[in-house]
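Load the model in your viewer and keep the selection panel at hand. The tour has two stops.

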Amino acid sequence: MPDASLIWTERTPRVVAARKLLRRAGRERAGRFLAEGAQAVGAALTSATSAEAFSGPDAVTSTDEAAGRTAGGHRVSRVFEVFATEAAAARNTELLAVASAAAIPVSTITERAAAALSETVTPQGLLAVCGRIDVSLADALAGAPRLVVVLLEASDPGNAGTVIRVADAAGADAVVLAGDAVDPHNGKCVRGSAGSVFHLPVAVERDVARVLAECRRSGLRLLAATADGEHDLFAAETSAMLAGPTAWLFGSEAHGLPAHVAAAADDRIRVPIYGRAESLNLATAASVCVYAAAHAQRPE
């Protein structure tokens, strides 16, 4: 439990160091990121303690290996430190007890320090310094995956986090962020995932051609989600496609899938629009498609 007699401010060196993790460059340099809120911190602690991959009171500025061991292709995030305001500590006694039992330092911070570490309008007052969760493409596709979600050029961290959450809920084996994609350790992405970044493998790979080739090598059928796809998602023949090992390809929010990537897929699938809406946004379309595959792969 935190020592209430010692309250850190926004000027305390450990808080100042943690604040650097709000920027991508700072996260990449330290190999660590911030998880904010009871849901994300709870998922991080569960991931760390269930794998006995927690650490002692290392400085946040350390550039040592920040991630825990890899189990089944999933890198288990280590939790290096937890920050909590007095009010947040009172609301989350069980979480902080888990951290303390795992010898993870828990430090009391002021409300102003919490605001300095938060990217939200209303800071939740509870944060954890975590090791990176991304894995290699090879690790993400290890073990004969059945369902993989590939996001190409996704730039909105909230949407990326939501898709990771959907993939987790649907029982997908992995998520791959391909091309010039958002950082999965971005605070908005972590919050949007509702803790799911700690539950399943997430790979980041700039080489899109390599992603497609490795998915095929893993036995996955490449299905491109496109507005003009030749197959209706809910047609009988599409259901048969989805029943096998599948990698769904989704494009960016603004531009969709590049034409050459869609052409390289094994099939192009459209989600039918029955009403007057012009289209579905990325997260919604991904939800419909991924769950259709999950259902097809789990026949009653």
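How much space lies in the largest cavity? About 90 Å³. A cavity is a set of points on a 1 Å grid over the protein atoms alone where a 1.4 Å probe fits but cannot get out; the volume is the space filled by probe spheres set on the points, which are joined across faces, edges and corners. The model is predicted, so local features need pLDDT of at least 70 and side-chain atom pairs count only at pLDDT 80 or more, while totals for chains, interfaces and linings use all residues. Residues are numbered from 1 along each chain as its sequence is written, and side-chain values use heavy atoms, without hydrogens or water.

Next show strand S2 (32–36) and helix H9 (187–192), each of which supplies at least two lining residues. Helices (H or I, at least four residues) and strands (E, at least two) are DSSP runs numbered from the N terminus.

Move on to helices H8 (residues 157–169) and H13 (residues 282–296), whose axes come within 9 Å and cross at roughly 15°. Axes are lines fitted to C-alpha atoms over the stretch in contact, with angles from 0 to 180 degrees between N-to-C directions. H8 and H13 are therefore roughly parallel (under 35 degrees). For their contact (heavy atoms within 4.5 Å), select Asn 159, Thr 162, Val 163, Val 166, Ala 167 and Ala 169 of H8, then Leu 282, Ala 283, Ala 286, Ser 287, Val 290 and Tyr 291 of H13.

Conventions. Angles under 35 degrees count as roughly parallel, over 145 as roughly antiparallel, 65 to 115 as roughly perpendicular and the rest as oblique. On a 1 Å grid over the protein atoms alone, a cavity is a set of points where a 1.4 Å probe fits but cannot get out, and a pocket is an open set with protein on both sides within 12 Å along at least five of seven lines; lining residues have an atom within 4 Å of a point.
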